[in-house]
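User: I would like to learn how to read the features of a model like this one. Could you take me through it step by step?

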Amino acid sequence: MGSQGGFGQSKEFLDLIKSIGEARSKAEEDRIVIREIETLKRRISEPDIPKRKMKEYIIRLLYVEMLGHDASFGYIHAVKMTHDDNLLSKRTGYLAVTLFLNDDHDLIILIVNTIQKDLKSDNYLVVCAALNAVCRLINEETIPAVLPLIVELLSHGKEAVRKKAVMALHSFYRKSPSSVSHLVSNFRKRLCDNDPGVMGATLCPLFDLINDDPNPYKDLVVSFVSILKQVAEHRLPKSYDYHQMPAPFVQIKLLKILALLGSGDKPSSEHMYTVIGDIIRKGDSSSNIGNAILYESIRTVSSIHSNAKLLEAAADVIAKFLKSDSHNLKYMGIDALGRLIKLSPLIAEQHQLAVIDCLEDPDDTLKRKTFELLYKMTKSSNVEVIVDRMIEYMISISDDHYKTYIASRCVELAEQFAPSNHWFIQTMNKVFEHAGDLVNIKVAHNLMRLIAEGFGEDDDAAYSQLRSSAVESYLRIIGEPKLPSVFLQVICWVLGEYGTADGKHSASYITGKLCDMAEAYSNDEIVKAYAITALTKIYAFEIAAGRKVDMLSECQSLVEELLASHSTDLQQRAYELQAVIGLDARAVEAILPHDASCEDIEVDKNLSFLNGYIQQSIESGAMPYISENERSGMVNTSNFRSHDQQESGQHGLRFEAYEVPKAPVPSKVTPVSLSSTTDLVPVPESLYARETQQISSVGLASDTGSSELKLRLDGVQKKWGKPTYSSPASSSNSTSQNPVNGVTKVDVATTINSKARDSYDSRKQQNEIDPEKQKLAASLFGGSTKTERRTSTSSKGPKASAADRPQDSKAASVPNKASGEKTNQVQQPPPQDLLDLGEPTVTAAPPAVDPFMQLEGLLDSSNSSAVSNSGGAVANAPDIMGLYRGTTSSEQSGGGGYNPASGDNLNLLSELSNAAAVRGTTGATIVSPLSPSVKGANAKDSLEKDAKVRQMGVTPTSQNPNLFRDLLG
Amino acid sequence: MIRAVLVMNTQGKPRLAKFYEFMPVEKQQEIIRNVFAVLCSRPEHVSNFVDAESFFGPDARLVYKHLATLYFVFIFDGSENELAMLDLIQVFVETLDKCFRNVCELDVVFNYSKMHTILDEIIFGGQVLETSSTEVMKAVEEISKLDAASSAINLVPKSVSSWRSR
């Protein structure tokens, strides 16, 4: 067909593509491609290839690489091609290098020069091609080489170039924000570009900038709002329309930016309400792009400071989305619902059927999104249904990534909302069983701790019941094949700790099970270690209880096997088991007390119990301990060494390594202060101090150190002892000997000490938070779990509120609705007006005249419909008041921006009348801000005047067009 | 930001692959395979969105459109709107259609560099540049004019002249 060879490929290339297309297998395809590579290698290095031919070779290289084969032999030719003067060759060259090369590739350096030259070209197509390459190929180091050229292009004559230059700057910003930080003003300038396309392009970098820090851009809110307004009102040329929608991508970007700027910022948000409201109201829900804008508006509404009216409008749109047949819209609806639910939790209730439908949908994407929503909606009353659903889905999928994700969600919800211990354990069992190895090991540890500590109930019966139910369930599960390792560890631990606790199962039964397990999973050393320790514990409990221990033959053989294990850990455990069995009951009781797993272990960080021993050693001539950081502070070289060691030794704990450089600061000072306090041998000491600081040799230092030792025992060797210790030994000693070294020692050691303590404390805190949370969760569900569960299962939906909630919320929602409806009539207009007046006049006009006075004036005059209008408002006011009072007492959720919570009648009334007055007058006066004095004594006159003004050309606002007709008529 | 644009046929053969951030060839292939595996397992009449986090890193979403024998796939992050991306695919396809008249897989295969030219006029450095297929066509034609002018020695003269006549 005619389309073939659009850019003039040879027959060879067409044949290649055809043969690849007809390849029956991957192997056959590979063969063809490899043959092609051979051909290209040969041809491409021939001398004097015509440009056209060369271009084709490059395209063929691209094609080969797209199919996953290495084409690096041709990169250099692509680079050469960028140097070509012919635009098309150049373009092909640029296309190839952008697809082939990373921005740190060695060949880039050969292109930068060309790019620089091309950016200065007279032909704008060359400039565009170069700009395209700039985005991909210029990295942090090469940015300065082209930056001035790009900045120059920002004021290029062609809008296409300006647009691309803005985007190139944007790509620099993404790669290295600091490189263009001084150019931010250029983005602001381009926002006012004559060409809407350039303005639209500028929104992209601004979005990123605002995303990083919105505060410097708050002043642009008004501009963004007015741009959005103009765009939405079709003020742009028709060529920017897309499917009759004015510049939809610009609208979406602007809405995203407004969402960022309005987040948590009430004054900024207030600027936006009108325009967003207009966009939602006029939104075209019949086209895809129209819905995209509607969805984006909802996102913005959910992000900015909330406004009841907008929320309502957003909820309507969501309802439309969810009711749609399109899966895409349902997806967007669910997503939007998830965003809005934080602001108004009740909104999901009316859509529960739709949500359930989405959950049953064959579409995975939709399902996952729905789980996301359910996760946000989970309460103690519905946790069971939701988690059950999640687990069901988790079992059904094979995508490990998502499985891990949803498993962690299940665990999180279960930990947070579990209605009963039994349910919690069952749930965790299911999660472990089906996603075991994907679950974080911490979850297993949490589960063990939970079983050990309970959910915070006080009575022991519940405790032991929890444990025995756990034991029971594990004994049942243990027989299943191929359990994940993490789960087996939990099982071993629980069986070892509590297997025989309630007396239902004999020790031999449990130990038999444990041995079977160790045998079945003999490749898994961790499981074996857990199993053997569990055996040790069970035997210890037996001995302590005074029963005779009969070791099963299989246990015996297991122990024997482990005694000879390659793993020293397993060996040690086996030996320990043997040793424990040989002890008498009292000793066993002391080393392995029953149910001691949750007793707090107090760690004596100073190891004070060793004091006596150390004293003794020092008296008998041993050297006192010198803390590591004092030593490292003494000698800079060794400082580095110990630094390195620390890094290599504790690879996982990198944060420690970062702190090391701080250590020398205090320790460098201490030698000096120490030397000043030591009066005995000041000269050699300071000399030595200086020496060591100048990187003394280790041998010399140790010499002087040992000679000093005889002169003075404290202070001096504390600094000098360093070289005598080899670093690795010292690091292991550091904690154990700390306390011995007297006062100065401790001072110096504080940095390290406190560091250790800090990390320890924080870890401890973390450990304590979880049970705290769980306790809270457990107390929330209290005794009423049963009834709760029934209600939740019967309603079987996410709605499933706690037993007493339905009436409550219904009671609240009924008057709410009524008030909503009534207030809508009366109230709805005022906020609209007020918002419309967001322009200067609203602040200027009303304060100038007392609203009450105005109102009175209006009421006095007899012939305006405005009177009846506002009169109606006033007459209605008491009703609303009652409603408000009613609602506030039941639930604090009035309607609209008028805060009913204040409960102050007068206040509200004044507000209402204020609004009415503003409406009455503003409709008229606001439009003519030039004469605020007109509405002085005679409201009727002023209204007439303003009406005339309006007739002259100003369109009346939609709220009260009758007003003027009546007045004139 | 848009991270990648893929066009592949229903057998999983890539027809166009453009990554807006560098990606080693092996990783590209892996992504193409993964995307294809996900797409061909999806039933008909479901949404056009897929979560791409598992093979494209955090916050990656994917929108695809199945047209005749081709999948058009855009992968992007949270700063773009899914529905809008769907429309961007529409813009791309519309432009191709204008360019090739009833675009089919063969056109896509045989006009590899032209596909890139078109795409570069729609998406620039991962950002949406132009959404009007008329404008895109104008830009592409301007470049093609040069091509036609310079192709005095044409390898497939007939086809090019037929193309020029449009």
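Predicted model: local features only at pLDDT ≥ 70, side-chain atom pairs only at ≥ 80, totals over all residues.

User: Let me start with one pair: are A:Lys90 and A:Asp118 buried or exposed?

Analyst: Residues are numbered from 1 along each chain as its sequence is written, chains are lettered from A and ligands numbered from 1 in the order in which they are written, and side-chain values use heavy atoms, with hydrogens and water left out. Now the general idea: buried means under 20% relative accessible area, exposed over 50%, and partly exposed in between (1.4 Å probe, protein chains only). In this structure, A:Lys90 and A:Asp118 are both buried.

User: What do the side chains of A:Lys90 and A:Asp118 form?

Analyst: Side chains of opposite charge can pair when their charged atoms come close. The term used here is salt bridge: a side-chain nitrogen of Lys or Arg within 4 Å of a carboxyl oxygen of Asp or Glu. A:Lys90 and A:Asp118 meet in such a bridge, at 2.9 Å from N to O. This pair links distant parts of the chain, with A:Lys90 in helix H5 (residues 87–100) of chain A and A:Asp118 in helix H6 (residues 108–119) of chain A, 28 residues apart. Helices here are DSSP runs (H or I, at least four residues), as are strands (E, at least two), and both are numbered from the N terminus.

User: Which residue forms a salt bridge with A:Lys256?

Analyst: The partner of A:Lys256 is A:Glu296, and their closest N and O atoms are 3.3 Å apart. Here too the pair links distant parts of the chain: A:Lys256 sits in helix H13 (residues 248–262) of chain A and A:Glu296 in helix H15 (residues 288–303) of chain A, 40 residues apart. A:Lys256 and A:Glu296 are both buried.

User: How many residues apart are A:Lys26 and A:Glu29?

Analyst: A:Lys26 and A:Glu29 are 3 residues apart, about one turn of the helix, and both lie in helix H2 of chain A. Their side chains meet in a salt bridge of 3.6 Å, N to O. A:Glu29 counts as buried because its relative accessibility is 6%.

User: Which residues other than glycine have a positive phi?

Analyst: Most residues other than glycine have a negative phi. Among the exceptions here is A:Asp48, with a positive phi of about 55°. A:Asp48 lies in the loop between helix H2 (26–44) and helix H3 (51–66) of chain A, and it is exposed, with a relative accessible area of 77%. Another is A:His243, whose phi is positive at about 50°. A:His243 is found in the loop between strand E1 (241–242) and strand E2 (245–246) of chain A, and counts as partly exposed at 37% relative accessibility.

User: How many helices and strands does chain A have?

Analyst: Chain A has 49 helices and 2 strands. Of its 969 residues, 51% are buried. Chain B has 7 helices and 7 strands, and 66% of its 166 residues count as buried. Read from the N terminus, the elements of chain B run β-β-α-β-α-β-β-α-α-α-β-β-α-α.

User: How many residues does each chain bring to the contact between them?

Analyst: Contact means heavy atoms within 4.5 Å. Chain B gives 73 residues and chain A gives 74 residues. Buried area is the accessible area (1.4 Å probe) that two parts lose on being put together, summed over both. Chain B and chain A bury about 6600 Å² between them, with 59% of it on carbon and sulfur atoms. In chain B, the residues that lose the most area to chain A are B:Phe110, B:Tyr112 and B:Phe124, together 12% of what that side buries.

User: How many salt bridges are there between chain B and chain A?

Analyst: The count between chain B and chain A is 5 salt bridges. One of the salt bridges joins the side chains of B:Glu80 and A:Lys253, at 3.8 Å from N to O. Helix H3 (residues 82–100) of chain B supplies the largest share of the side of chain B that touches chain A, 10 residues.
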